[in-house]
Amino acid sequence: MDTPLSTIAVVGLGTMGTGIAEVLALAGREVIGIDISEAAALGAVASLEASTARAVGRGRITEEERAAALARFRTADTLQAAADAELVIEVVPESYEIKQQVFRELDAIVSSTTILATGTNALSVTRLAAESQHPERVLGLHFFNPAPAMKLVEVVSSVLTAPPAVEAVTTLARELGKEPVAVGDRPGFVADGLLFGYLNQAAAMYEANYASREDIDAAMKLGCGLPMGPLALLDLIGIDTARTVLEAMYAESHDRLHAPAPILGQLSSAGLTGRKAGRGFYTYDAPGGQDVVPDALTPAAGAEAGAGRAVASVGVAGSGTMASGIAEVFAKAGYGVVLAARTQEKADLAKGRIAKSLERSVAKGRLSAEARDETLARITAAGSLDAFAEVDLAVEAVAEDLEIKRQLFASLDKVCRPGAVLATTTSSLPVVAIARATARPEDVIGMHFFNPAPAMKLVEVVRTVLTADDVHATVRAVCAKIRKHPVDCGDRAGFIVNALLFPYLNNAIKMVEEHYASLDDIDAAMKLGGGYPMGPFELLDVVGLDVSLAIEKVLHREFRDPGLAPAPLLEHLVAAGCLGRKTGRGFREYARR
């Protein structure tokens with residue numbers, strides 16, 4: 001197996017196989033594309049011609065390099081064409097029967113030293129290897145779609161795989177400009193193992209009518225910085241493919257988070273498998289299209305739920321980073337703002353923090369000096385909630401403690417004028433329990449801003465069963481004025497973002513506990529394979545392990561799902577005082593400032 005892997009066969013010329021062939025040909029390998037379908041072979045050639053022409057047009061390669069790459073790619077309709085290949089990568093449909101048949105035929109065709117790689121992301125590499133005459137040369141080579149653009153390649157070893165085979169394909173991956181991550185054989189591996197559980201929970205959330213497809217997708221894009229929302233991503237992957245992956249994951253884990261949401265089976269059975277069918281969670285301009293077109297579920301443009309209440313002045317209760325940020329947002333939008341803390345000194349310090357933030361915006365050219373002065377002039381610092389007597393909207397941003405919030409709302413009930421809207425920024429506590437501390441729970445709603453409030457566009461608008469329609473309409477209108485994107489959700493633990501984000505983070509911790517992959521490999525897999533702005537352990541250390549544990553406990557307590565129980569490693573780190581960046585140590589160590 002000590003070979004440069006200069007001649008490589010790719011079996012299956014669908015989207016993924018064609019993409020892999022392009023990567024190999026551009027990297028100087030002789031590539032044999034094999035598919036029983038003449039149309040697929042012609043499509044692969046046309047795709048390679050078109051994509052390399054675009055690359056020339058963008059200055060990424062020269063015309064000579066394009067011509068050389070095209071000359072290195074040839075197609076065939078039989079596996080016999082792979083006879084001289086040093087590596088064969090199969091990317092045929094996700095079926096044991098089909099893949100095993102390919103491997104059985106290849107055993108009789110290729111050299112005993114030829115490496116056989118499966119591109120599966122759902123099936124057992126070990127089971128496929130066991131059917132081969134030379135199981136030591138069988139491994140997994142999992143590229144991500146689109147293969148030319150995505151940097152991650154998961155190199156999957158079974159207990160039967162010979163180390164030299166792993167070394168050879170790992171070296172190849174690096175020579176292709178990819179980042180190889182070594183993983184063991186289990187369904188989903190690292191990236192899909194974390195990704196598909198999250199996608200499944202998003203599908204279940206939509207199926208339960210908890211939130212609209214548009215709001216679920218917008219929440220995860222704007223709240224987490226993800227390149228795509230989960231339901232749009234399911235449509236891109238293929239709903240039938242996602243269901244197959246989840247079935248394989250559930251068969252091994254028996255974790256309810258991996259049990260495919262029924263809607264995935266319903267859509268698959270109906271042939272509504274996503275973009276490739278022209279319809280899945282969304283409707284597209286054509287089968288294989290990528291442009292979403294309106295359908296019966298598309299919200300009417302500009303439609304809002306009735307008339308709201310007039311809001312000219314806003315009170316923000318709290319003196320921390322979130323309170324300061326929210327006050328800055330409202331003042332920038334032209335509202336008169338009362339920023340109240342427990343003491344005048346704390347309120348003044350909070351206003352000073354806003355002044356520094358505005359000054360940074362001026363220095364970066366994002367804000368004029370005049371706008372800075374006008375914004376600061378709209379903010380009044382107060383040492384008591386009594387200053388909220390005439391505000392139209394009171395926003396609470398104090399510690400995430402139910403009793404503290406209930407006491408504050410009891411005070412707001414006495415101070416604020418009749419008809420004022422009372423909003424809590426809680427990220428995990430029941431809004432209705434806070435509302436019941438007042439004599440006017442119909443005026444209480446959740447407005448969950450994300451940190452840092454001036455930069456983050458998302459606000460989760462949380463209605464309780466008691467919230468009045470005009471209060472909801474008021475907050476939606478206010479969000480538009482402060483240039484935030486509101487998403488509607490009901491009053492249950494985690495709302496949209498945290499309910500989908502933290503089980504994913506918890507599952508990443510479990511992977512480390514089980515010694516399946518390292519922190520660095522998991523973070524790299526999610527950034528390079530999923531397009532996440534931060535890996536799960538980077539994010540956990542930024543959020544704070546104590547905060548993360550508290551949210552996990554709330555989710556577990558509400559949904560009673562064993563799969564949501566906080567990972568013991570997270571509990572141990574919190575007990576040891578390792579809370580992340582703020583303490584200098586969490587999953588990683590940080591230099592003290």
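Modeller: Two strands pair if DSSP finds at least two bridges between them. This is a predicted model, where local features need pLDDT of at least 70, side-chain atom pairs count only at pLDDT 80 or more, and totals for chains, interfaces and linings use all residues. Residues are numbered from 1 along each chain as its sequence is written, and side-chain values use heavy atoms, without hydrogens and water.

Biologist: How do you know that β15 is joined to β16?

Modeller: Three bridges join β15 (residues 421-424) to β16 (residues 444-449), and pairing needs at least two. The two strands run parallel. One of the partners is I445 in β16, which bridges to A423.

Biologist: What joins β14 to β15?

Modeller: Four bridges join β14 (residues 393-396) to β15, again with the strands parallel. A423 is the bridge partner of V395. Between β14 and β15 the chain passes through helix α15 (residues 402-415), in a right-handed β-α-β crossover: with the strands pointing away from the viewer, the path from the first strand over the helix to the second runs clockwise.

Biologist: Which way do the residues of β15 point, and are they buried or exposed?

Modeller: V421 and A423 point one way, L422 and T424 the other, and all are buried, that is, under 20% relative accessible area with a 1.4 Å probe, protein chains only.

Biologist: Why are α20 and α21 called roughly perpendicular?

Modeller: The axes of α20 (residues 536-543) and α21 (residues 545-559) cross at roughly 100° and come within 6 Å. Angles of 65 to 115 degrees count as roughly perpendicular, and α20 and α21 are therefore described that way.

Biologist: Which residues make the contact?

Modeller: L540, D541 and V543 in α20 meet L545, V547 and S548 in α21, contact being heavy atoms within 4.5 Å.

Note on methods: Buried < 20%, exposed > 50% of the residue type's maximum accessible area, 1.4 Å probe, protein only. Axes fitted to C-alpha atoms, helices over the stretch in contact; angles between N-to-C directions. Parallel < 35°, antiparallel > 145°, perpendicular 65-115°, else oblique.
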